[in-house]
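The sequence and the model are shown first.

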Amino acid sequence: MDKLITARKKYTCYNCKEQINKRDKYTRKNITIGKKHDEQFEKQSNGVVALIQNWISYDAKMCIKCSINWYLEHKDMDL
């Protein structure tokens, strides 16, 4: 299971939308939207080559209850 972090301010759980209060424990999960390998190179009119990524990644905060449920559902998968 992931490391528990002590909240320094109020957060909202990504999964259940419950409040994570100051000094409560929570975990962070990295959420990726899109496919990481879906990248394209494009040559612009001024000669510059640009990398276009069709995905975004961010850290989502989860309360302990949701984090344990997520771990139990995914512990057999190779993540």
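## Cysteines

A disulfide is defined here as a pair of cysteine sulfur atoms within 2.5 Å. By this rule the model has zero disulfides. C13 is in none, its nearest cysteine sulfur being that of C16 at 3.6 Å. The sulfur of C66 has that of C63 as its closest cysteine partner, but at 3.5 Å the two are too far apart for a bond.

C13 is buried at 1% relative accessibility, and C66 is buried at 4% (buried means under 20% relative accessible area, exposed over 50%, and partly exposed in between, with a 1.4 Å probe and protein chains only).

## Basis of the model

The model is predicted: local features need pLDDT of at least 70, side-chain atom pairs count only at pLDDT 80 or more, and totals for chains, interfaces and linings use all residues. Residues are numbered from 1 along each chain as its sequence is written, and side-chain values use heavy atoms, with hydrogens and water left out.

A nonpolar core is a set of buried Ala, Val, Leu, Ile, Met, Phe, Trp, Tyr and Cys residues joined through side-chain atoms within 4.5 Å. The largest one has eight residues: A7, Y11, C13, I20, Y26, M62, C63 and C66. In soluble globular proteins, nonpolar side chains tend to be buried together.

Leaving aside residues up to four places away in sequence, M62 touches several residues, among them C13, I20, Y26 and K29 (contact means heavy atoms within 4.5 Å). K29 lies in strand β4, residues 25-33 (strands are DSSP runs of E, at least two residues, numbered from the N terminus). K29 is buried, with a relative accessible area of 7%.

## Aromatic pairs and charges over rings

Rings of Phe, Tyr and Trp (its six-membered ring) pair if their centres lie within 6.5 Å; planes under 30 degrees apart count as stacked, over 60 as edge-to-face and the rest as tilted. The count is two aromatic pairs. Y11 and Y26 form a tilted pair, 5.4 Å centre to centre with 55° between the planes. This pair links strand β2 to strand β4 across 15 residues, and both Y11 and Y26 are buried. Y14 and Y58 form an edge-to-face pair, with centres 6.4 Å apart and planes at 70°. Y14 is partly exposed at 35%, as is Y58 at 32%.

A charge sits over a ring if NZ of Lys or CZ of Arg is within 6 Å of the ring centre and within 35 degrees of the ring normal. The charged end of K17 sits over the ring of Y14, 5.3 Å from its centre, and that of K61 over the ring of Y11, at 4.9 Å.

Notes
Helices (H or I, at least four residues) and strands (E, at least two) are DSSP runs, numbered from the N terminus.
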